[in-house]
Amino acid sequence: MKSKSIMTKRGMVMYDPAIPMTVRLNREETQKLCPFNVDPDKWDCLDDHCEVVHIEITSKCDKACLYCYNPKNEKDLSTEELVKLIDNLAKADVFQITFGGGEPFTREDIAYLASHAKSVGLNVCATTNGKILNSMCVFQPVATQDLLKSFGQINVSYHGSEFEFSDILNIAAVCKKVGVKMGINFCCQDDYMEKLDWVAGIAHDIDAELLMLAYKPVNPSLGIKGPSGPEIVKKAFEMASKYKIDTGVDGACVRQCLASVRFCDVHPNGDVSVCSFKRESIGNALTQDFGEIWASRPKEIQCPHFPDVRNNPR
């Protein structure tokens, strides 16, 4: 798989799928690196590049979290349709796809889909609650090792149960055998925060990165709340220092969204939206050229759950 260099309105983006690693240069850095002069008037004629696409490969899930953004009423695409969609993304030079849902490991064809995506040059990740994957790791360890070889990273989400989340240890053991990175997604809602230290300790033990996500009130009637963005950032630094782990926060925490800048979402029926939480369709990646969908997307986005959070299209 060849590395890619793409000129964008912000500067050059270089991606090496073998590592995988993305390097982003601003305009000044790009100009110093390029053997030719870039006309300053030409920068703004360029666009941002879609680096990551989150694909909800199913609306089905083995849990019923009340705060889930997925409406669970969309028909899933077939294997053949998802292969066609993945090829569409690869043709547009997308760097990475992340399988989500629903619960992606409810799909029996996930091994084939991941293998195909890797074969066309995409880095493949998955976000999972871990229940089904844990059973696979315990009862089908060899087959699961073969499956996970197609993935660059597996992110397991914490959903409030210490008993269930402890299954991540089995997943981590199999991932370590095949050299797959681990991540933990931690939704920072108030009733979870007392377990943050425990989860961070597990991240340290399994050498996983910890991604702390601002709680989005998808269902306001639940009355669930979470700490502010600055409070989450402060906690992320605290966990990184205390447990010697890589930590990150999402755009809502720093008032800087990447929707329509580096990222978009694909629904279980192939519809494309700028974000998992802003679900208006801007096209369908099964029936339309993804490059054209991205080029015609809305450029300026405001978060539907945080009025002061916008992307940065300029």
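Visitor: How many cavities of 30 Å³ or more does the count come to?
Guide: This is a predicted model, in which local features need pLDDT of at least 70 and side-chain atom pairs count only at pLDDT 80 or more, while totals for chains, interfaces and linings use all residues. Residues are numbered from 1 along each chain as its sequence is written, and side-chain values use heavy atoms, without hydrogens and water. A cavity is a set of points, on a 1 Å grid over the protein atoms alone, where a 1.4 Å probe fits but cannot get out. With a threshold of 30 Å³ or more, the count is one.

Visitor: What is the volume of the largest cavity?
Guide: Grid points are joined across faces, edges and corners, and a volume is the space filled by probe spheres set on the points. For the largest cavity this gives about 70 Å³.

Visitor: Which helix and which strand each supply at least two residues of the lining of the largest cavity?
Guide: Lining residues have an atom within 4 Å of a point; among them here are Lys-63, Asn-129, Tyr-158 and Glu-164. Helices (H or I, at least four residues) and strands (E, at least two) are DSSP runs numbered from the N terminus. The two elements are helix 6 (162–165) and strand 7 (153–158).

Visitor: Which helix gives the largest share of the lining of the second largest pocket?
Guide: A pocket is an open set of grid points with protein on both sides within 12 Å along at least five of seven lines. Helix 7 (168–178), strand 8 (181–188) and helix 8 (196–206) each supply at least two lining residues. The largest share, four residues, comes from helix 8.

Visitor: Is Cys-264 buried or exposed?
Guide: Cys-264 is in no disulfide, the nearest cysteine sulfur, that of Cys-50, being 4.0 Å away. Buried means under 20% relative accessible area, exposed over 50%, and partly exposed in between (1.4 Å probe, protein chains only). At a relative accessible area of 3%, Cys-264 is buried.

Terms used: Disulfide = S-S within 2.5 Å.
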